[in-house]
Amino acid sequence: AYERRFPTCPLIPMFVASDTVNEYKSEDEAIHVIERRCKLDIDAPRLLKKIAGVDYVYFVQKNSLNRRERTLHIEAYNETFSNRVIINEHCCYTVHPDNEDWTCFEQSASLDIKSFFGFESTVEKIAMKQYTSNIKKGKEIIEYYLKQLEEEGITFVPRWTPPVACKLESSTSNTRRPVSPAITIPDSATKEGLNNKELLNTSSSPSEPTAGTPDDKLDADYIKRYLGDLTPMQESCLIRLRQWLQETHKGKIPKDEHILRFLRARDFNIDKAREILCQSLTWRKQHQVDYILDTWNPPQVLQDYYAGGWHHHDKDGRPLYVLRLGQMDTKGLVRALGEEALLRYVLSINEEGLRRCEENTKVFGRPISSWTCLVDLEGLNMRHLWRPGVKALLRIIEVVEANYPETLGRLLILRAPRVFPVLWTLVSPFIDDNTRKKFLIYAGNDYQGPGGLLDYIDKEIIPDFLGGECMCEVPEGGLVPKSLYRTAEELENEDIKLWTETIYQSASVFKGAPHEVLIQIVDASSVITWDFDVCKGDIVFNIFHSKRAPQPPKKDSLGAHSITSPGGNNIQLIDKVWQLGRDYSMVESPLICKEGESVQGSHVTRWPGFYILQWKFHSMPACATTNLPRVDDVLASLQVSSHKCKVMYYTEVIGSEDFRGSMTSLESSHSGFSQLSAATTSSSQSHSSSMISR
């Protein structure tokens, strides 16, 4: 039955094709070893495949059948990206030692991600999700081919015997033992994870929840009023989990509605629901989430520029949250507030949603445990794919998915532009399958037609910006002024951290004291990428190369080499005795960057050695016909107090063969931010591409 899945299997859509590489059969036909090269179409975001530069991945699978010992061993490892990702898998079919009618199946795998273009966590999640999905479907595929064999009249397979013994046996008897038909195992019997053991033929599963005793009953009116329709099994699971929490958990016990959400998220598997619920309760206690609505006031920047808010309710009585994502400056919000404040604000929205569900349950007289979210994507473009912004969004999704399961009743995505599939492919792997089923996506004005918005929201409360008559008090968003941007040090001084710090660093640039960053390149043709904002003043950006390493900066009494200021560090690496052209060389033309500009670019290195990225104070040039400075130059110089500039920057080095354009080079600066963006310019040289957005 297993061999029938080759050379390809319609039940495994990702399994495109396979070719036999090696094959061996012993003379007595007891041993059969076959090695295949398998072509797989992994369910990964298209953008990730584009960055990696591949459409398919290849695995080598070796199957060793031993008819003498009645075993089938399957080994597999990845051939594609083997220098970056190491995947090893081992499966084994054996006969149960105590019951020969049972086939035992064991499966284990290991995953080691060394590097993957900055998307290591994304690849890990995709691999785990794919692996779990394959485990669930493995038994189903075997049973499919077993049934196919039975339909063809093959209901037994003769036991292997040595050739000589076979002749002696044929002269006496030819007894054949039939193979027992496969019995379907309940889904709860399948164990997810990196280790999976399972019996193909079994009549029951010990992990399947059992019905509760007559004492484990809730009041019928209470269930109908606050919890909804529950089967006796589901009611029993709720009671047992609540009792366990009362006996073991120290602290506040969540309400039945909240416990029920975690049970539903894990299909009423008590062990799995208990695990994620305990993790969530610990997280809530650690970060004081229960008190966030009473103790935390959102910054004014969020109140002015976060284009989201609550707006009445849908036809089912669910609270309705409206988010105008296309009009929101995600980059500006991250730069002005940091990821911590954004996460706290999203958590406060979810806490407010739980409170509104309780209120609507009382108002409508029926259980309402989730809310509806309406997302308007009018104005969404490549600027929204700014890498730190996407990173913050993915982490927010992770936190919300882990701690607020089954709270989203429906998600209406309206006016989805062409760029939406790119964002969706990045985000969707992090969203639970049950949640994704609740998504309804409308392109253009499709939401105004049949099956559109009117099916879910009363006409009287459709927001005015969607053609309705109801005034919506959700902020319109817009560009966050760059004057509100803060440095990494300022953001680092915020209160309790809910995740790691920003990937950006800040630096001060003084007249006569540039800021320099050293990057050592071992392999030629590596790619240096950068992303920086000029927060104050005008600077000149240079890239230099040297065969020898500069001396590490020394802090002397005058602070000539290394200066620490409230606005960031200032490090100088190029020694004053070094001469340009002798000790080091310029590998790119100088790039003048004005205050408020965002610059992203890359440089392909020609030689190994030491590369120095330099941000230098830009002095105003004098007028061409006179030595006197121009009036504009004088006015501009007055705006730069104490001849000081500030930059926030991020750099990354990746191999040239792996570079297909990082998130920072996705033409995000070539497209304006909705109708709100001003002018956009770009500058490209022979070996670099630096993009500037004003």
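**Exercise 1. Determine the handedness of the crossing of α10 and α11, and describe how these helices pack.**

Solution. The crossing of α10 with α11 is right-handed, the term for a near helix turned clockwise from the far one by less than a right angle, anticlockwise being left-handed. The model is predicted: local features require pLDDT of at least 70 and side-chain atom pairs pLDDT 80 or more, whereas totals for chains, interfaces and linings use all residues. Residues are numbered from 1 along each chain as its sequence is written, and side-chain values use heavy atoms, without hydrogens and water.

Next, take the geometry. Two packed helices are described by the angle and the distance between their axes. The axes of α10 and α11 come within 11 Å and cross at roughly 25°. Therefore α10 is roughly parallel to α11 (angles under 35 degrees; over 145 is roughly antiparallel, 65 to 115 roughly perpendicular, the rest oblique).

Finally, list the contacts (heavy atoms within 4.5 Å). From α10, V334, E339, L342, L343, V346, L347 and N350 meet P388, G389, K391, A392, R395, I396, V399 and V400 of α11. The residues of this contact comprise 10 nonpolar, two polar and three charged.

**Exercise 2. Identify the residues with the most contacts inside the largest nonpolar core, and the elements that build this core.**

Solution. A nonpolar core is a set of buried Ala, Val, Leu, Ile, Met, Phe, Trp, Tyr and Cys residues joined through side-chain atoms within 4.5 Å. The largest has 63 residues, and L302, Y306, L333 and L377 have the most contacts inside it. Elements giving two or more residues are α9 (300-305), β9 (319-323), α10 (330-364), β10 (371-376), α11 (387-403), β11 (408-416) and α12 (420-427). The largest share, 13 residues, comes from α10. Another core, of 23 residues, lies apart and includes V517, I521, V534 and Y649.

Consider L377 itself: leaving aside residues up to four places away in sequence, L377 touches L325, G326, I413, L414, R415, A416, P417 and F420.

**Exercise 3. State where F81 and H312 lie, and whether each is buried, partly exposed or exposed.**

Solution. F81 is not a glycine, yet has a positive phi of about 55°. F81 lies in the loop between β4 (71-78) and β5 (85-95) and is buried, at 17% relative accessible area (buried is under 20%, exposed over 50%, partly exposed in between; 1.4 Å probe, protein chains only).

H312, also other than glycine, has a positive phi near 55°. H312 belongs to strand β8 (residues 308-313) and is partly exposed, at 46% relative accessibility.

Terms used:
Helices (H or I, at least four residues) and strands (E, at least two) are DSSP runs, numbered from the N terminus. Axes are lines fitted to C-alpha atoms, for helices over the stretch in contact, and angles run from 0 to 180 degrees between N-to-C directions. Ala, Val, Leu, Ile, Met, Phe, Trp, Tyr, Cys and Pro count as nonpolar, Asp, Glu, Lys and Arg as charged, and the others, Gly among them, as polar.
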